[in-house]
Structures are given as structure tokens and as C-alpha cells.
Amino acid sequence: SKFSLKREWNRRVVRMERMLGSSKKHPHRWKGRLFICFVFFVIVVVIFPPHSLFAIFMSKRMDVNETISLPIVHSAPKLKQSMISEAVGEVRKGMSRREVQEINEWIESLPIEDQPTELLKWARSKFPGKLAQVTSFGLSGIVITDMIRKTKEADADSIPIVTIDTLHLFPETYKFIHEVEARLDLARSLRTYRTGEASSRKEFEERFGPRLWKADPRLFDFLTKLEPMQRALDELNIDAWITGRRRSQGGGRSGLRLVEVDPADKRVKLNPLAGWDADRLWAYARANKLPHNPLLDKGYSSVGDTVTTSRAASSDGERAGRFRGQNRSECGMHLPNRLNKAKELLAAADRIRQAYEWEAGAKRRAREAGIEQVTTDDFEAKVIHGYPGRWVLLEVYAPWCPHCRALEPAFNDLARALAAGPA
């Protein structure tokens, strides 16, 4: 029935999205499972005119909104294995455990409202010319930027403000960043970094598919967030960077200290607002008439990428709407082991990029053979309801599947033969 066919479609799409990750864990299962899962034929019998058999390719695609360009963008060249050292970052000396403990004890002994500014003053003197703020322009980031610009110890522009354009931000977020840049006069200090793989979301999805965030979240995060951030810290020669994380956000942030050393590269991470809760944060923002992302007024308690951010009830926690259904609350930017498998991730990126380069040519050849493309969005309309009185031959494929690629010429020949009618 049409309902069982739709269920089968959805089941195989889910398996396809999981296959890339499972294949890395179980390489010995790759060939057999791909052949079974990805290459199959479904015959939908209604009324069959012999000369009108339709062959349909499925390609997982989605509508794409072009992102708005951010100022001062720093993109790396196309990532290659030779760039491993740049991707993983330089290991620094950092601070000793005793130094970290002493500064934490001193700052935490101060009134909580004074802790952020005192920590920022200390950081200016401790890391002159090697201090940066990394922010996605959430409310915490806006508050810290305001505090930096109000300190009188040094020129505020001497501290670069790094933001990562993942190419998947909300349109409202792109617009808000431009507004904040103008309102807080950040033209000289704002540095925007993005992946070297693409300059727009459309180009990124052409290279890696529209659902990399779901099929391989770790690779998606590495390409769109971790690698650009690590490159920013390296290029700007940063020894210490400021984050907007707070203990009240819960999860792995519950035990956050004001000062810590990042195990990944030994850089110092400063969390000036670690002890502040959401109420204190909003009170400061309102008292200083600071702007905030308009999505915070539309049911979003925390704002990230469009593909991994959803609305959440305030009672669910500040980061409840992030990565829903993925059993995590962090993108990996703050995880201590985030750089452990950089080489493997770059190799996986190269493999997927080559697969979608093949697909671009395969789609052209399919059109020439009279094959129509079907996506998850229009599957029901085209396959279930679109061809009354006809048989439909459906092939579901994954571009990184070697068996699917090997089958392409035969499938195209079959489509031409069927279109020509009986001999």
C-alpha cells in the first residue's frame, strides 16, 4: 500500500543517514550492508502501459536559504591532509594548576557582580595582545562585549571579537550581528571566520549533502565550528579566550570555573559570567539597554544553527532547545577531546566531498536518460500520488556508496530502454 511504501522510504532514509557514522565504527560491515540497504527496486503496481515506466532517483536535498555575508570573513583554503597541523591548533604552555587555582579563589572571593569585570581586567594584564573574545552573540556574549568596551585599562579594540559563521545560522541572527556591529562600534574588532569548504550554505550542501548535521554530527561540527575557531585562535596568536558560558546553563557547564586551561591545546579559557544566572544577565542587559537576538522573544531560550535549534519551554532549561534528540547539549567547541580525531574527520570530509562531486555528474546523466529526481520533500506527491495508472521504478541511493555508483550506468541504460518501448 502507499502507506507501507512511505514507511519503507522513511526507514531507508534513516538508515542511510546513519550509515556513514556506523561504517567508520564497523568497516567490515560496509560492503554487505550498503548493498542490502541502498540498492533496491520497488515496483508500485497500478496500471502499466508498457512504454511508460518511470525511473526515479532519490537525492536527499532540502530548500536552502542563502546566508547573509558577515564582515571581515576569514576562510581557509579547501581543507587537505597537509593542513592537519593548522586544523588541530598549536599546543600552548598555558597556566599551572596552582596559578589557575589562585586566580579562581581570588575572583570568586569578590562580590558576584564584580567578578566579570575584575577577571577581564586581570586577563588584559596577563595576556596583552594575546586575548580574544569568542562569541555567537547570545545574550552572554553581548554582556561581555559591553563590559570589555567599558573597561579603561586599554583600548577595547585591542581585544579581537571572534564569531564563527557556520553558514547555518538563522536569518534573524545574521541581521542581528550586523546591527550589533554598528550599535557597539565593532568594525575594527570583529573577526568572522567560517569553514574553508564553502562560502554559503548552498555550496556547503552541494559538497556534503543537506543533512550532514544529522548523518555525522561530529564531522558537521568540526567543519562548521571547530576548525574555523581553532584557525582563528592560531592566526590571531591567542593564548587566552573569553567565553559566555555559565553554570546555570546546566549539563556539563554546572561545575564551570572562572578560569580553566583547555586540555585540547593548553590555551586558557575565561568564563567571566560563570557564576551569573539568567535573571542577573537579563537585569544587566536591560539596565545597560543592550540589544538581544529577537529569537529569544519567540520561544527560543538558546540560539544556534537552524538545523539543531528548536523552541523549548523555559522550565526545560536554558539550553533545552539545542541539539534536541541528539543526546547532547554541546557542539563540541568546549569539549576537551575535540581535536583528537582531526585527521580522521578531514579524511571523512574528503570522502564525502568526492561523493557529492560524483553525484553532480550523475544527476546530469540521469536527466539525459529521462530519470526524474525525487527528494524527501516531494516523495509522497510524486511517487504515491503523482503517477496514477503507471508503474514506478524507484532507486534509493547514497552518493558515497560504491555499489550505488557502480550501478548507475546500468540503471541509466534500463531507463533509456524502457523509455524507447518494446523492441
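Helix H5 buries Gln115, Pro116, Leu119, Leu120, Trp122, Ala123 and Arg124, where buried means under 20% relative accessible area, exposed over 50% and partly exposed in between, with a 1.4 Å probe and protein chains only. This is a predicted model, in which local features need pLDDT of at least 70 and side-chain atom pairs count only at pLDDT 80 or more, while totals for chains, interfaces and linings use all residues. Residues are numbered from 1 along each chain as its sequence is written, and side-chain values use heavy atoms, with hydrogens and water left out. Helices (H or I, at least four residues) and strands (E, at least two) are DSSP runs, numbered from the N terminus.

**Helix H5**

- The buried residues of H5 pack against helix H4 (97–108), helix H6 (139–150) and strands E4 (131–134), E7, E8 (259–261) and E9 (268–270).
- The twelve residues of H5 (residues 115–126) should span 16 Å, which agrees with end C-alpha atoms 16 Å apart; the expected span is 1.5 Å times one less than the number of residues.

- Two packed helices are described by the angle between their axes and the distance between the axes.
- Axes here are lines fitted to C-alpha atoms, for helices over the stretch in contact, and angles run from 0 to 180 degrees between N-to-C directions.
- H12 (residues 342–368) packs with H14 (residues 402–420) at an angle of about 10°, the axes being 11 Å apart.
- H12 and H14 are therefore roughly parallel (under 35 degrees; over 145 is roughly antiparallel, 65 to 115 roughly perpendicular and the rest oblique).
- Ala355, Trp358, Ala362, Arg365 and Ala366 of H12 meet Arg405, Glu408, Asn412 and Arg416 of H14, contact meaning heavy atoms within 4.5 Å.
- H8 (residues 201–208) and H12 have axes that come within 6 Å and cross at roughly 95°, so these two helices are roughly perpendicular.
- From H8, the contact uses Glu206, Arg207 and Phe208, and from H12 it uses Ala349, Ile352, Arg353 and Tyr356.

**Two residues with positive phi**

- Most residues other than glycine have a negative phi.
- Leu167, in the loop between strand E5 (161–164) and helix H7 (171–183), has a positive phi near 75°.
- Leu167 is buried, with a relative accessible area of 0%.
- Asn237 has a positive phi near 60° and sits in the loop between helix H10 (217–235) and strand E7 (240–242).
- Asn237 counts as partly exposed, at 33% relative accessibility.
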